[in-house]
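I opened my notebook to look up a few things in this structure.

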Amino acid sequence: MDQVIIQDVHMNGSTSGTSYSANSSVQKRAIFITRPIVEEAILNLLSKLYIFAATSKLRKPNTIGIAELGCSSGPNALLAVSHILETIYNKHYRSGSVTPEILVFLNDLPGNDFNTLFKDVGRFCGELRRSNGDGFGPCFVAGIPGTFYGRLFPSDTLHIVHSSYSLQWLSQVPQGIEKTNKGNFYITKSSPPSVITAYLNQFKKDFRAFLECRSEELVNGGRMVLTLVGRSSSDPTSQDCCSFWDLLALSAHDMVLRGAIEKEKFDLFNIPNYFPSTKEVKSIILSEGSFTINQLETFHVNWDGSDPKGNANSERVNNLESSHYAANTLRAVSEPLLANHFGEEIMDELYGRFRERVAEYASKGKTKFTNLVISVTKMEKDL
């Protein structure tokens with residue numbers, strides 16, 4: 001798969017029935033679940049900033065830089081930012097001080113639907129002013145196109161970095177696996193050890209680069225909260241991280257058998273995704289050395305976005321409806337990649353077949369994403 005295509009990875013744009021905007025309830029639930037961790041990180045940061053200012057006779061910071069990395073578009077793009085700003089405002093309101101000026105940076109790859117995103121920004125800022133009144137200082141919002149596996153901001157610009165459901169995407173398909181992972185879109189039980197190693201090494205390289213870049217851009221003591229799809233098992237071929245890519249590959253193979261997809265194209269396709277374990281993530285953070293780990297936890301969200309802890313009355317118990325939601329969720333995040341490789345004309349049939357396989361698979365048990373949430377603090381550097 002061409003490197004240029006990987007750099008243009010993006011979610012389905014617009015607000016159509018197959019768009020990310022209309023099919024991101026899974027990601028929305030993850031944002032709500034991790035909200036207490038984000039709030040803790042912000043309040044801890046603000047307390048330390050103001051204690052430092054008081055003890056060193058410096059002014060309180062008059063600007064706070066916030067980056068939302070891998071923002072995509074649609075209602076979730078500004079949801080986490082809204083939570084962050086509410087926390088900052090409430091902290092200052094209780095202390096009787098005016099909120100500093102806020103700089104919000106919305107980042108994603110250049111292929112992202114920034115047009116739809118920017119249409120929401122004006123309304124978002126207006127609602128902030130109406131709900132928080134005069135005590136809320138100016139808020140400036142900017143789009144930052146580019147890969148977060150490289151530098152995006154000047155040094156010491158950011159105080160808070162948030163990213164949700166983005167870091168499991170790699171900068172590229174691991175090199176050298178095209179001819180050894182035939183018939184699979186991702187790691188499976190049938191993948192040779194070299195493929196598993198290549199995926200892990202690519203994730204290590206990418207995640208380390210992400211940490212190195214953010215360590216330059218964050219102020220001393222700056223905080224990051226990162227949520228990504230991972231796995232609870234030590235086995236990278238376990239079902240809790242691989243099964244939905246397996247189902248999509250089987251759906252594509254059905255179309256190979258009937259001649260709708262060329263076998264050679266099918267064998268060469270691999271997803272630039274990796275679902276790490278907590279042990280792998282912790283090891284990379286510690287070896288990179290710029291951050292201390294405050295929290296590293298796992299939680300689950302159902303494939304269809306329903307609450308895995310809910311009772312039967314609160315869940316989507318209709319298997320057909322549930323599989324429809326699950327299939328559309330995966331379509332919204334993967335269709336641009338598959339359309340680039342296989343052609344747009346077969347997407348409806350491919351994801352229709354995928355929906356049928358999801359329904360069959362889900363009838364045998366729970367279908368849940370394992371998520372990792374990581375809260376870290378940038379270690380202070382000598383001045």
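Here are my entries, from the chain overall to single residues.

**Entry: the chain**

I noted at the start that this is a predicted model. I looked up the secondary structure and found 11 helices and 7 strands. The chain has 383 residues, and 56% of them count as buried.

**Entry: two helices**

I picked helix α6, residues 193–217, and helix α9, residues 278–288. How do two packed helices get described? By the angle between their axes and the distance between the axes. For α6 and α9 I read an angle of about 45°, with the axes 10 Å apart. The two helices are therefore oblique to each other. I also looked up the handedness: α6 passes α9 in a right-handed crossing.

Which residues make the contact? On α6 I listed Leu200, Phe203, Lys204, Phe207, Arg208, Leu211, Glu212 and Ser215. On α9 I listed Glu280, Val281, Ile284, Ile285, Ser287 and Glu288. I sorted the residues of this contact by type and got 7 nonpolar, 2 polar and 5 charged.

**Entry: aromatic pairs**

I counted 20 aromatic pairs. I took Tyr186 and Phe275 as one example. Their ring centres are 5.4 Å apart and their planes are at 70°; an angle over 60 degrees counts as edge-to-face, so this pair is edge-to-face. Tyr186 lies in the loop between β4 (158–164) and α6, and Phe275 in the loop between α8 (263–268) and α9, so the pair ties together parts that are 89 residues apart in sequence. Are these two buried or exposed? Both Tyr186 and Phe275 are buried.

I looked up another pair, Phe269 with Phe342. It is tilted, with 5.4 Å centre to centre and 50° between the planes. Phe269 lies in the loop between α8 and α9, while Phe342 lies in helix α10 (residues 319–342), so this pair ties together parts that are 73 residues apart in sequence. Phe269 and Phe342 are buried.

I also found a cluster joined by ring pairs. It links Tyr186, Tyr199, Phe244, Trp245, Phe275, Trp303, Tyr361 and Phe369.

**Entry: Arg223**

I located Arg223 in strand β5, residues 218–230. Its relative accessible area is 2%, and under 20% counts as buried, so Arg223 is buried. What does Arg223 touch, leaving out residues up to four places away in sequence? The list includes Glu40, Asn44, His159, Asn294 and Thr377. I also checked a distance to Leu158, which is 65 residues apart from Arg223 along the chain. The C-alpha atoms of the two are separated by 8.9 Å.

**Entry: Pro272**

I found Pro272 in the loop between α8 and α9. It counts as buried, at 1% relative accessibility. Pro272 and Gln172 are 100 residues apart along the chain, yet their C-alpha atoms are separated by 5.6 Å.

**Entry: positive phi**

Asp156 has a positive phi near 55°. I placed Asp156 in the loop between β3 (139–145) and β4. Tyr165 has a positive phi of about 60°. Tyr165 sits in the loop between β4 and α6. At 10% relative accessibility, Tyr165 counts as buried.

Terms used
Residues are numbered from 1 along each chain as its sequence is written. This is a predicted model: local features need pLDDT of at least 70, side-chain atom pairs count only at pLDDT 80 or more; totals for chains, interfaces and linings use all residues. Side-chain values use heavy atoms; hydrogens and water are left out. Axes are lines fitted to C-alpha atoms, for helices over the stretch in contact, and angles run from 0 to 180 degrees between N-to-C directions. Helices (H or I, at least four residues) and strands (E, at least two) are DSSP runs, numbered from the N terminus. Angles under 35 degrees count as roughly parallel, over 145 as roughly antiparallel, 65 to 115 as roughly perpendicular and the rest as oblique. A crossing is left-handed if the near helix is turned anticlockwise from the far one by less than a right angle, and right-handed if clockwise. Contact means heavy atoms within 4.5 Å. Ala, Val, Leu, Ile, Met, Phe, Trp, Tyr, Cys and Pro count as nonpolar, Asp, Glu, Lys and Arg as charged, and the others, Gly among them, as polar. Rings of Phe, Tyr and Trp (its six-membered ring) pair if their centres lie within 6.5 Å; planes under 30 degrees apart count as stacked, over 60 as edge-to-face and the rest as tilted. Buried means under 20% relative accessible area, exposed over 50%, partly exposed in between (1.4 Å probe, protein chains only).
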